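Please go through the model shown here with the notes that follow.

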Amino acid sequence: MLGSLLKRLLGPRAPAIDARWVEDMLRLQQQGSREEAIARCHAALAREPDHVDVLNLLAAALLAQGKAREGLRYLRRAVALAPSAKAHAHLGSVLAAVGDLDGAIAAYRAAVAQQPDFIDAWNTLAALLKARARYDEAEACCIAGLSVDAGHAGLKHLLATIVFEQGRVDAAIA
C-alpha cells in the first residue's frame, strides 16, 4: 500500500513543497490520516532529502503513531540541518517525553548555549537536572536563568525547591 502511494506521489506532477503543501500535511495529520501524511513526506524527501519542514512533519506523524525511534531520527536530522535554540528545545521536549532525560538535558544545554536569554529553556533544563538529582547543576541553571529575568517566578520557585531539598532551608526561605 505504501509503495503504490509513493509511486503515485512521485509521479511527474509531484506538488511543490511550499506553504500550501505544509498546510495540507498539517490538515492530514489533524484529520488522523497519518499514513498518507507519512507517505507524502517520504515522497517529498525523495525529491528534497534535506527539507527541514518535511523532516519535522514526518517526525511529528511518526511520533504521533508511537514510532518514537523513527520519529526521533527525522527530528534529529532536522535539528542538525537547522540548529536553532527553539529546534533544540523542541527535540529536548520530545526526548523528555519518551524518557530520555539525558538526551533531553543535552538538547536543552544546546538551546541555552545558542540563545542564553531563552528563559523557558533554562527553566526546563533546571527541572530536568533536578529530576536526575543533579542539584548543583540545576541550581546553576536557575541562577543563569534568573540573571536573564530576575523576576521569573518559575525559576525562583524551582531554585527554592532545589536548595530546600538539599537541606539548605534558610537559603530556600530567603
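A133 counts as partly exposed because its relative accessibility is 47%; buried means under 20% relative accessible area, exposed over 50%, and partly exposed in between, with a 1.4 Å probe and protein chains only. This is a predicted model, in which local features need pLDDT of at least 70 and side-chain atom pairs count only at pLDDT 80 or more, while totals for chains, interfaces and linings use all residues. Residues are numbered from 1 along each chain as its sequence is written, and side-chain values use heavy atoms, with hydrogens and water left out.

**Loop residue A133**

- A133 lies in the loop between α8 and α9 (135-148); helices (H or I, at least four residues) and strands (E, at least two) are DSSP runs, numbered from the N terminus.
- The phi of A133 is near 60°, which is a positive value in a residue other than glycine.
- Most residues other than glycine have a negative phi.

**The chain overall**

- The chain contains eleven helices and zero strands.
- Of the 174 residues in the chain, 38% are buried.
- Of the contacts between residues at least 6 apart in sequence, 48% join residues at least 24 apart; contact means heavy atoms within 4.5 Å.

- Helix α3 covers residues 34-47, has 14 residues and reaches 20 Å from its first C-alpha to its last, close to the 20 Å expected at 1.5 Å a residue; the expected span is 1.5 Å times one less than the number of residues.
- The buried residues of α3 are A37, I38, A39, C41, A43, A44 and L45.
- Helix α7 covers residues 101-114 and has 14 residues; its span from first C-alpha to last is 20 Å, close to the 20 Å expected at 1.5 Å a residue.
- In α7 the buried residues are G103, A104, I105, A107, Y108, A111 and V112.
- These buried residues of α7 pack against α6 (85-97) and α8 (119-131).

**The pair α2 and α4**

- The axes of α2 and α4 come within 11 Å and cross at roughly 5°; axes are lines fitted to C-alpha atoms, for helices over the stretch in contact, and angles run from 0 to 180 degrees between N-to-C directions.
- That crossing makes α2 roughly parallel to α4, a term for angles under 35 degrees.
- On the α2 side the contact is made by W21, V22, M25, L26 and Q29, and on the α4 side by D53, V54, L57, A60 and A61.

**Q29 in α2**

- Q29 lies in helix α2, which covers residues 19-30.
- Q29 counts as buried because its relative accessible area is 12%.
- A polar atom of the Q29 side chain lies 3.5 Å from the backbone nitrogen of A61.
- Apart from neighbours within four places in sequence, Q29 is in contact with R34, A37, L57, A60 and A61.

**H51 between α3 and α4**

- H51 lies in the loop between α3 and α4.
- With a relative accessible area of 17%, H51 is buried.
- H51 is in contact with I17 and L45, leaving aside neighbours within four places in sequence.

**Q65 and A68**

- Q65 sits in the loop between α4 (52-64) and α5 (68-81).
- Q65 is partly exposed, with a relative accessible area of 29%.
- The side chains of Q65 and E35 are joined by a polar contact of 2.9 Å; a polar contact is a pair of N or O atoms within 3.5 Å, where within protein one must be able to donate a hydrogen and the other to accept it, and residues adjacent in sequence count only if both atoms are side-chain atoms.
- Not counting residues up to four places away in sequence, Q65 touches R34, E35 and I38.
- Q65 and G32 are 33 residues apart along the chain, and their C-alpha atoms are separated by 9.8 Å.
- A68 is in helix α5, and its relative accessibility of 24% makes A68 partly exposed.
- A68 touches L63 and V98, not counting residues up to four places away in sequence.
- A68 and A97 are 29 residues apart in sequence and 9.9 Å apart in space, C-alpha to C-alpha.

How values were computed
Parallel < 35°, antiparallel > 145°, perpendicular 65-115°, else oblique.
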